[in-house]
Amino acid sequence: LRGNYNNFNLVDIYKFIIGIKLKPVETKHLALDQDNTIVIHPFASTMKKTWAEAKWSEIIFSLAKKHEDCNFIIVGSKEEAPKADEIINASILSKFSSRITNNCGKTNLEEVYNLLQTSKLLLCHDSVVSHLAALTPIKILSIGLGPTRSFETAPYSENALIISSSESSHPCD
């Protein structure tokens with residue numbers, strides 16, 4: 001992965017290698033009043049691929065302020081729970097704390113998958129949760145930072161919007 005970009009998404013290559021038959025994902029477009037949950041997975045495999053906790057607090061603040069009917073669930077591993085607590089406990093979010101839940105380490109992948117099935121939006125970095133979401137009808141906003149090669153590794157779904165930089169360095173927090 002250190003050379004020139006590959007013309008194919010790695011998901012396609014891996015699916016072909018292991019013999020997965022492609023079948024279309026049923027797309028459903030949720031009306032704004034059907035579900036009011038925004039799932040957030042602010043973590044990735046390395047720190048170079050993630051925004052700082054303060055940046056995520058600002059994003060949740062902006063969304064919570066504009067969308068008074070939305071609740072937010074942060075998902076991740078047990079090891080990521082303290083960082084999720086740091087996001088939630090930021091003073092900027094004190095007014096909205098009742099609408100934000102830290103589910104890090106409290107759910108397994110099947111439960112996260114089920115949550116994604118019924119939620120409005122996933123905000124994340126390129127991670128396993130983004131790829132899990134690509135198997136559901138949820139809208140995905142994936143932020144590719146640092147050494148992420150979004151063209152090759154982004155979640156593979158027509159419901160995914162990928163934002164990435166052409167710079168390979170870690171962005172300013």
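Buried here means under 20% relative accessible area, exposed means over 50%, and partly exposed lies in between, using a 1.4 Å probe and protein chains only. This is a predicted model, in which local features need pLDDT of at least 70 and side-chain atom pairs count only at pLDDT 80 or more, while totals for chains, interfaces and linings use all residues. Residues are numbered from 1 along each chain as its sequence is written, and side-chain values use heavy atoms, with hydrogens and water left out.

**View 1. The buried side of helix α3.** Let us start with α3, whose buried residues are Ala 81, Ala 84, Ile 87 and Ile 88. They sit on the same side of α3, because they cover an arc of only 110 degrees around the axis; the arc is that of the directions from the helix axis to the C-beta atoms. The cover over these buried residues includes α2, β2 and β3. Helices (H or I, at least four residues) and strands (E, at least two) are DSSP runs, numbered from the N terminus.

View 2. Glu 53, Trp 56, Ser 57, Ile 60, Leu 63 and Ala 64 are buried in α2. Their arc around the axis is only 135 degrees, so they share the same side of α2. An α-helix has 3.6 residues a turn, so residues three or four places apart point the same way. The buried residues of α2 are covered by elements including β1, β2, α3 (81-88), β3, β4 and β5. How far apart are the end C-alpha atoms of α2? They are 20 Å apart, which agrees with the 20 Å that its 14 residues should span at 1.5 Å a residue; the expected span is 1.5 Å times one less than the number of residues.

View 3. Six strands form an open sheet in the order β3-β2-β1-β4-β5-β6, with parallel pairing; two strands pair if DSSP finds at least two bridges between them. At the edges are β3 (100-102) and β6 (160-164), each pairing on one side only. Neighbouring strands are turned by 15 degrees against each other on average, direction ignored. Axes are lines fitted to C-alpha atoms, for helices over the stretch in contact, and angles run from 0 to 180 degrees between N-to-C directions. β1 (residues 37-41) and β4 (residues 121-125) pair in the parallel sense over 4 bridges, and Val 39 has Leu 122 as its bridge partner in β4. Helix α2 (residues 53-66) packs on the sheet, touching β1, β2 (71-74), β3, β4 and β5 (139-144), and its direction makes about 165 degrees with that of β4.

**View 4. Two residues of the loop between α3 and β3.** Is Leu 93 buried or exposed? Leu 93, which lies in this loop, counts as buried because its relative accessibility is 0%. Leaving aside neighbours within four places in sequence, Leu 93 is in contact (heavy atoms within 4.5 Å) with Ser 57, Ile 60, Phe 61, Ile 87, Ile 88 and Ile 100. The C-alpha atoms of Leu 93 and Ile 60 are separated by 7.8 Å, though the two residues are 33 residues apart along the chain. Ser 98 is also found in the loop between α3 and β3, but Ser 98 is exposed, with a relative accessible area of 69%.
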